[in-house]
There are 2 protein chains.
Amino acid sequence: MLKAVYTATSLKSDLNQRGFRLTPQREKILDVFQRLPQGNHLSAEDLHNILKDRGERLSLSTVYRTLNLMARIGILREVELAEGHKHYEINPPYPNHHHHLVCVQCHRTVEFKNELISKLGLKQAEASGFHLLDCQLTIYGVCLEALRQGWPSLLPSDWSCPHSGLDMADGTDL
Amino acid sequence: MLKAVYTATSLKSDLNQRGFRLTPQREKILDVFQRLPQGNHLSAEDLHNILKDRGERLSLSTVYRTLNLMARIGILREVELAEGHKHYEINPPYPNHHHHLVCVQCHRTVEFKNELISKLGLKQAEASGFHLLDCQLTIYGVCLEALRQGWPSLLPSDWSCPHSGLDMADGTDL
DNA sequence: TTAAGTGCAAAAGTTTTGCACCAAG
DNA sequence: CTTGGTGCAAAACTTTTGCACTTAA
């Protein structure tokens, strides 16, 4: 089973079990994700920059290869929020997945949890004979500010609402 | 409100209302989606090829611009199933969204409906002051065949299970 | 010691854009 | 008419890959 929190040792055994190796690069990459405040997700380039800032120098190829590997085995999850590139975050063990509501105009993202949805996801996976890796509800909408500004026709496609700085993610359950 | 089925006239009014124009190109593109068997989704290039086969010749740029426009206003929905490029399909009016279960190994996709999920999506959107456009649960997993073959380490990343030809999508509700 | 992983640079895609021309409202 | 849309070709990105070299197990 995948862990909620990884140590070098538990990461190693998760990798070795599957025939992969623990390398310093993989350890550093996972470390970045583990220190990331809840609700943040990183693109390959974000991650590469963070590592660069820390004085590490992994190649961008390794970053991509590692993200793919970790998503494939379920340590990370791929989040697609229509910004034109993939984002990744730690994949919390079932049933602690969270979900995303995103404004198609300003890309402001609201995170929320809903255990029922995770349960439905698991049930559907089982019914189809799949081993569940990740389950995410993505809601696309338009935020109030954009609507007020006359969305969609009166807004340039790069318009962002003033609130988009403050993050509305609050984990509120419905 | 967006339509379940578009005629040239209703498409025109949906576009005009928002300050956009009805062009022959947009009409043809939407027509392709409307004739598409339920459960199929197209990439920009797929769509461009279908149009080419029909003897139309729209530029690929127009295809991309139209897909973006229609997704932005909610006529189409963007579906991201980790094949490396976006797919599009008609966005059915609430609460008729369907959802996807996909094998990360072979990309076999199972479609399913669940009205409860759509309702939860709407509730969450409203609670956050968003106008709902689309709401999709995406479940990532590993199919039985891949597990049997020793997923993840013993499989080349392009391995596909024998069943992937037959489509398991059956619209079964849980 | 040997199969897997890394770095680099090049390639492969996909998607976006600038600009001149065309056409819907 | 006036503003938005199209086509073309070029550019911009993101992501993947081939290959020689390292290194974990």
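The surface near DNA strand D divides into four nonpolar, nine polar and nine charged residues (Ala, Val, Leu, Ile, Met, Phe, Trp, Tyr, Cys and Pro count as nonpolar, Asp, Glu, Lys and Arg as charged, and the others, Gly among them, as polar; near means a heavy atom within 4 Å). The model is predicted: local features need pLDDT of at least 70 and side-chain atom pairs count only at pLDDT 80 or more, whereas totals for chains, interfaces and linings use all residues. Residues are numbered from 1 along each chain as its sequence is written, and side-chain values use heavy atoms, with hydrogens and water left out.

Of the 22 residues around DNA strand D, those that come nearest are Tyr64(A), Arg21(B), Thr23(B), Thr62(B) and Arg65(B). Sugar and phosphate make up 68% of the atoms of DNA strand D that come within 4 Å of the protein.

Chain B and chain A bury about 4,300 Å² between them, 68% of it on carbon and sulfur atoms (accessible area, 1.4 Å probe, lost on being put together and summed over both parts). Zero salt bridges are found across this interface (side-chain nitrogen of Lys or Arg within 4 Å of a carboxyl oxygen of Asp or Glu). Strand S5 (residues 130-143) of chain A and S5(B) pair in the antiparallel sense over 13 bridges (strands, E, are DSSP runs of at least two residues, numbered from the N terminus; pairing requires at least two DSSP bridges). Leu137(A) has Leu137(B) as its bridge partner in S5(B).

Methods: Chains lettered and ligands numbered in written order. Buried area = accessible area lost by both parts, 1.4 Å probe. Helix = DSSP H or I, 4+ residues; strand = E, 2+ residues; numbered from the N terminus.
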